[in-house]
Amino acid sequence: MTSEEKHKQEVADAREYFKGITDTVCGVVEAKEHPTWWLIALAAAISVLGLLVISLYMLFTQGVGIWGNNNGEAWAWPIVNFVFWVGIGHAGTLISAVLFLMRQKWRTSINRAAEAMTIFAVMCAGLFPVIHTGRPWLAYWLMPIPGDMGLWPQFRSPLAWDVFAVSTYATVSILFWYMGLVPDFATLRDRTKSKVKHTIYGMLSLGWRGSARAWHRYERAYLIMAALATPLVFSVHSIVSFDFAVGQLPGWHTTIFPPYFVAGAVFSGFAMVLTLMIPARKLFKMEHIITDLHVENMTKVILATGSMVGFAYAIEFFIAWYSGNAYEGFTFKNRAFGPFAWAYWTMIFCNVVVPQFFWFKKVRTNVFIIFGLCLLVNVGMWFERFVIIVTSLSRTFMPGSWHYYSPTLFDATTFLGSFGLFFTLFLLFLRFMPMIAMFEVKGASHHAHAGVKHH
Amino acid sequence: MSHDNNNDEVEDKLYGLLAEYESPGALIEAARAVRKAGYTKFDCYSPFPVHGIDPAMGIKPTILPVITFTAGCIGLIAAFFMQTWMNNWTYPWNIAGKPLISLPMQIPIMFELTVLLAAFGTFFGMWGLNKLPQMWHPLFSSDRFLTASSRGFFLAIEAEDPKFDEDATAALLEEAGATEMETIRYKTSKAIRAIPGGIKVFMIISACLALVPFAYIAKKRASKSDKPHMHIIPNMDFQTKNKPQTASDIFDDGRASRLPVSGTVARGELKEDDHLYRGKMNGQWATKFPESIVLNAETMSRGENRFAIYCSPCHGLTGDGTGMINQRADKIGAAATGWVAPSNITQDTFAKQPHGQLFNTITHGARTMPGYSAQIKEKDRWAIVFYLRALQRSAHSTVDDVPPGAQPPR
């Protein structure tokens, strides 16, 4: 083959590749028929969402007494669920922002879906503290809004920091996500024949034309947003951990909490991304875009962060002994061998033992095993927050108020229902929005340099 | 151009030339050639950012980071002043005696608002600099251009460029390797650029609907109602419980409040000691102070203090009945409307009364004077009687009463 022919072949391959990516990703959105599995899944998700609606109706009419929360365990499940969902969300930002700054090109296949997951997870997370207040219609009191009472948030409280951290995180995540969607909405706009869709996509894409001068500013903005989101994601879970670490309760009042929480968040978030993407790529036949390499890379992140979390558990125990603080020592003995030992050892198994299987290449390349292990990690990370909150609160300084916490049916339905909300939104996203960042995948492939002369 | 106000007047205008290239590499080369030929009003279009095109086109670095930085600084400063103002100035909030203005507690929110505003600055700044949203553009009239968002690579030179010449420019683009070429014309008709009818109707309807709540509130504010306030969320305002002073069907007497069983005495309220509590000994006014009242300087000064607070406003600080209330009553001529002047309690009539009778007057009042049993405790009432004796004594004293060493020179 002459260099001329080689060049022609290279250009033809690139054009074919760009067309293929566009057709695959847009094909999902443009398909007239809903896939059967999607309809079934959506019906199931909406049913579970209905459970949430019923639980919330009961909560608003009956009050927080329908939960197992009690004098000692005032936080209990609602806050466990809040921390669980916020943590899930962090993987999305990590993939879209941190891996972008590290020039990890493989992220482009999964970042859009991961960012969507972030936003939906933060929505589920935001629900819980608000309903946990008991009077959610007064939730605006959390914000510094002038009122005739002349009362303001108390800015020395980590709970006030939390309001700012989580709402900033939600806002920035949505801006970042939408910014990434605009060029892809433009693609959908230019392909559609329907006038209604053309109008909707036209408005969503803001009239994007793909001009090089616009791309220049766009790329710079993308880089800046990534650079802003990176410290933001670390700050959010640090501040969530302050909710506990600033409190003077044995088992909470430790300086290791911020890094330990951030590692846990990334750990649980990546497990959730895999839980979602392994079935999604199979069902939408996108294995050539989200390849086995992507899955394997993510299992490595899970292994690394899972080991960090295991290390943090060990350090916590060590410090409880080394500090010589009798109360801290008791709390940890109580965690491992007290009435909630079953929860503690579930957590240790799921979070410390399970990820260690990812040392083996055979495990990292078997999607069925990965899927199962990731589900266990999700369970383990929920139990981590349960162990931190409930075991500490159920046995505090006064033995007279010791108490075995048990949740009620409504605790369970509210938490289960939040999965309904999450999956309903995620399934709608998969069907009606480009689930893969087309322009990023194209730009990150070697085809993006087709025809470039190397002077 | 006609002179009637016909909005559908159509004029064909030339936008420029659009050329398609087969690859990102070819686009870069074309951009370089066009720039070299001296064109300034041209742009490249691609489905993804083509790397290496910025220097080829001569694109200068954007000022976006400056916008980001400025917005971030505003967020940082705003967060500091917001927290300082809310917790330390308008509503000073003393938490465990910590300094009112302290930086460490403010850091988390200062950080969050810095990031938030910097992100807003970046997001909106980028769209602003790109002059988006812009729903209509001449290039969209080309069907071929629609592939620019999925797989096509285009270069467009505007007719407004001073060097633009339809033939020469076309030749240049052709020479740079264009695979397709198109002249872009657009209509200046307002009808074409107008907002579609459906959207217009939608916007008008939603704008009208948005006014409804405000109109409702305005109407409610301007009108009166004898109904209680609307409670969208009851907040436990209405509870099925009995409140004091209300009627109840449950009890025979129809009261919600229950009376204590007859003969009930509250703790510490038995008050058996007639002398201490009622000023009587064997049914007569006591002529002695109760045993529990110690007659010393401390009791005297306690009595002076209570007298100044409770008695002096009417009776005056010396007890001669010229307190400031009486002075005021005299000034406004209150005697005509039934004002009874307070007594001069240093008079003999009062000096001769037994201790117990004075105590009883303080307790229950006399003439228009009310009783002070609710305000002054028994011990203090006795202290006042003790002090009053001193006042009476001093009101009738002579120079001989002064101790020899302290007498003034005659």
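**View 1. Strand β3 of chain B, residues 153-158, in a predicted model.** Because five of the six residues of this strand are buried, β3(B) is largely enclosed by the rest of the structure. Buried here refers to residues with 20 or more other C-beta atoms within 10 Å of their own.

**View 2. Pairing of strand β1 with β3(B).** Strand β1 of chain B covers residues 12-21 and is joined to β3(B) by six bridges. The two strands run antiparallel. Within this pairing, E20(B) stands opposite F154(B) of β3(B).

**View 3. Pairing of strand β2 with β3(B).** Strand β2 of chain B, residues 42-45, is also antiparallel to β3(B), with four bridges between them. Here L155(B) of β3(B) has C44(B) opposite.

**View 4. Packing of helices α9 and α13 of chain B.** Helix α9 spans residues 297-315 and helix α13 spans residues 378-395; their axes lie 7 Å apart at an angle of about 95 degrees. Since angles of 65 to 115 degrees count as roughly perpendicular, α9(B) is therefore roughly perpendicular to α13(B). On the α9(B) side the contact is made by T299(B), M300(B), R302(B), G303(B), E304(B), R306(B), F307(B) and C311(B). The α13(B) side contributes D380(B), A383(B), I384(B), F386(B), Y387(B) and A390(B). By class, the contact residues of the two helices are eight nonpolar, four charged and two polar.

**View 5. The two assigned domains of chain B.** The domain assignment places domain 1 at residues 12-193 and domain 2 at residues 275-397. Taken over C-alpha atoms, the centres of domain 1 and domain 2 of chain B are 89 Å apart.

Note on methods
Residues are numbered from 1 along each chain as its sequence is written. Chains are lettered from A and ligands numbered from 1 in the order in which they are written. This is a predicted model: local features need pLDDT of at least 70, side-chain atom pairs count only at pLDDT 80 or more; totals for chains, interfaces and linings use all residues. Domain bounds come from an automatic or database domain assignment. A residue is buried if 20 or more other C-beta atoms lie within 10 Å of its own, exposed if 12 or fewer, and partly exposed in between; C-beta atoms are placed from the backbone. Two strands pair if DSSP finds at least two bridges between them. Axes are lines fitted to C-alpha atoms, for helices over the stretch in contact, and angles run from 0 to 180 degrees between N-to-C directions. Angles under 35 degrees count as roughly parallel, over 145 as roughly antiparallel, 65 to 115 as roughly perpendicular and the rest as oblique. Two residues are in contact if their C-beta atoms, placed from the backbone, lie within 7 Å. Ala, Val, Leu, Ile, Met, Phe, Trp, Tyr, Cys and Pro count as nonpolar, Asp, Glu, Lys and Arg as charged, and the others, Gly among them, as polar.
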